[in-house]
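Q: Hi, I have just opened this one and would like someone to walk me through it. Could we take it piece by piece?

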Amino acid sequence: MKKYISFIPNLTSFSLNLLIKYGLFALILIVSISCDSADETDTEKPVIDLSMTDAFPTSCATIYFDEPFNFKAYFSDNFALGSYSIDIHNNFDHHSHSTEDDDCTLDDKKTATNPYVFINDYEIPENSSSYEANLTMTIPSSDASELFQEGDYHFYISLTDKEGWSTHKGLSIKILHK
């Protein structure tokens, strides 16, 4: 019986060492997996690229009412894109968006009486990390009551990735009647 009793403490000590080794291995494995997952977290904003040859509009471009044009831009993200939106609004008061980096010639300031306004969202195919937007647009010359005012406008592009990060590009343009 004495041998049996002395054997139990040795077994317990062996089991305890084994438990510590397996526990330490499991802890290292969990930390390693957590670090790998953290590396896959999207922390970068998507990119709006207007440097391609036929990108349009670009800063200081002119668009004419009732004439179709192609909006063309290249979007990319390190993981997956979500959607984009286009906002066209007047710049009659010469306000600025922090994304503008241009020196376009502006008309004199004026009061907005019937400016053109456009805001629309567009989906990007799911799980796309890059996408070339190519959208034919026509800005109407009038609403039901009168002609839209021509002059200085902003063509504002917003791009959001699947994780919710967003980036913006504000372009100064002119919209004119022919």
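This is a predicted model: local features need pLDDT of at least 70, side-chain atom pairs count only at pLDDT 80 or more; totals for chains, interfaces and linings use all residues.

Q: Okay, and where is Asp-152?

A: Asp-152 has its place in strand E7.

Q: Buried or exposed, that Asp-152?

A: Asp-152 is buried, since its relative accessible area is 3%, and the limit for calling a residue buried is under 20%.

Q: Which residues does Asp-152 touch, leaving out those up to four places away in sequence?

A: Counted that way, Asp-152 touches Asn-90, Asn-91, Phe-92, His-94, Thr-105, Leu-106, Asp-107, Ile-173 and Lys-174.

Q: Switching to Asp-93, where is that one found?

A: Asp-93 belongs to the loop that runs between strand E4 (81-90) and strand E5 (118-123). With a relative accessibility of 45%, Asp-93 counts as partly exposed, and its side chain makes a polar contact of 2.7 Å with the side chain of His-95.

Q: And how many residues lie along the chain from Asp-93 to Lys-110, and what separates their C-alpha atoms?

A: Asp-93 and Lys-110 are 17 residues apart along the chain, while their C-alpha atoms are separated by 6.5 Å. As for the side chain of Lys-110, its charged end sits over the ring of Phe-92, at 4.6 Å from the ring's centre.

Q: Where does Lys-178 lie?

A: Lys-178 lies over the face of Tyr-64, and the distance to the ring centre is 4.7 Å.

Q: Let's do sheets now. What is the order of the strands in the open sheet of five?

A: The order is E2-E8-E7-E4-E5, and the pairing in this open sheet is mixed. E2 and E5 stand at the edges with a single partner strand each, so one side of each has no neighbour in the sheet. On average, and ignoring direction, neighbouring strands here are turned by 30° against each other.

Q: Which strands in there pair in the parallel sense?

A: Strand E2 (residues 62-64) and strand E8 (residues 166-176) do so, over three bridges, and within that pairing Thr-62 stands opposite Lys-174 in E8.

Q: What about E7 and E8, how many bridges do they have?

A: Strand E7 (residues 151-161) pairs with E8 over 10 bridges in the antiparallel sense, with Lys-169 in E8 as the bridge partner of Ile-157. The two strands, E7 and E8, form a hairpin that has four residues between them, and Gly-164 in the turn has a positive phi of about 110°.

Q: And how many bridges between E4 and E7?

A: Nine bridges connect E4 and E7, which pair in the antiparallel sense; in E7, Ser-158 is the bridge partner of Ser-85.

Q: Then there is the open sheet of three strands; what is its order?

A: That sheet has the order E1-E3-E6, with antiparallel pairing. Its edge strands are strand E1 (47-49) and strand E6 (130-137), each of which pairs on one side only. Strand E3 (residues 69-76) is joined to E6 by eight bridges, and Ser-76 stands opposite Ser-130 in E6.

Q: Last topic, the rings: how many aromatic pairs are there in the whole structure?

A: A search of the whole structure finds 10 aromatic pairs. In one of them, Phe-71 and Tyr-84, the ring centres are 6.0 Å apart and the planes are at 35°, so the pair is tilted. That pair links distant parts of the chain, with Phe-71 in strand E3 and Tyr-84 in strand E4, 13 residues apart, and both residues are buried.

Q: What does Tyr-84 form with Tyr-131?

A: Tyr-84 and Tyr-131 form a tilted aromatic pair, 6.5 Å centre to centre and with 40° between the planes. This pair also links distant parts of the chain, from strand E4 to strand E6, 47 residues apart. Tyr-84 counts as buried at 4% relative accessibility, whereas Tyr-131 counts as partly exposed at 23%.

Q: Which residues do the ring pairs link into a cluster?

A: The cluster consists of Phe-56, Phe-69, Phe-71, Phe-75, Tyr-84, Tyr-122, Tyr-131 and Phe-155.

Key:
Residues are numbered from 1 along each chain as its sequence is written. Side-chain values use heavy atoms; hydrogens and water are left out. Buried means under 20% relative accessible area, exposed over 50%, partly exposed in between (1.4 Å probe, protein chains only). A polar contact is a pair of N or O atoms within 3.5 Å; within protein, one must be able to donate a hydrogen and the other to accept it, and residues adjacent in sequence count only if both atoms are side-chain atoms. Two strands pair if DSSP finds at least two bridges between them. Axes are lines fitted to C-alpha atoms, for helices over the stretch in contact, and angles run from 0 to 180 degrees between N-to-C directions. Contact means heavy atoms within 4.5 Å. Rings of Phe, Tyr and Trp (its six-membered ring) pair if their centres lie within 6.5 Å; planes under 30 degrees apart count as stacked, over 60 as edge-to-face and the rest as tilted. A charge sits over a ring if NZ of Lys or CZ of Arg is within 6 Å of the ring centre and within 35 degrees of the ring normal.
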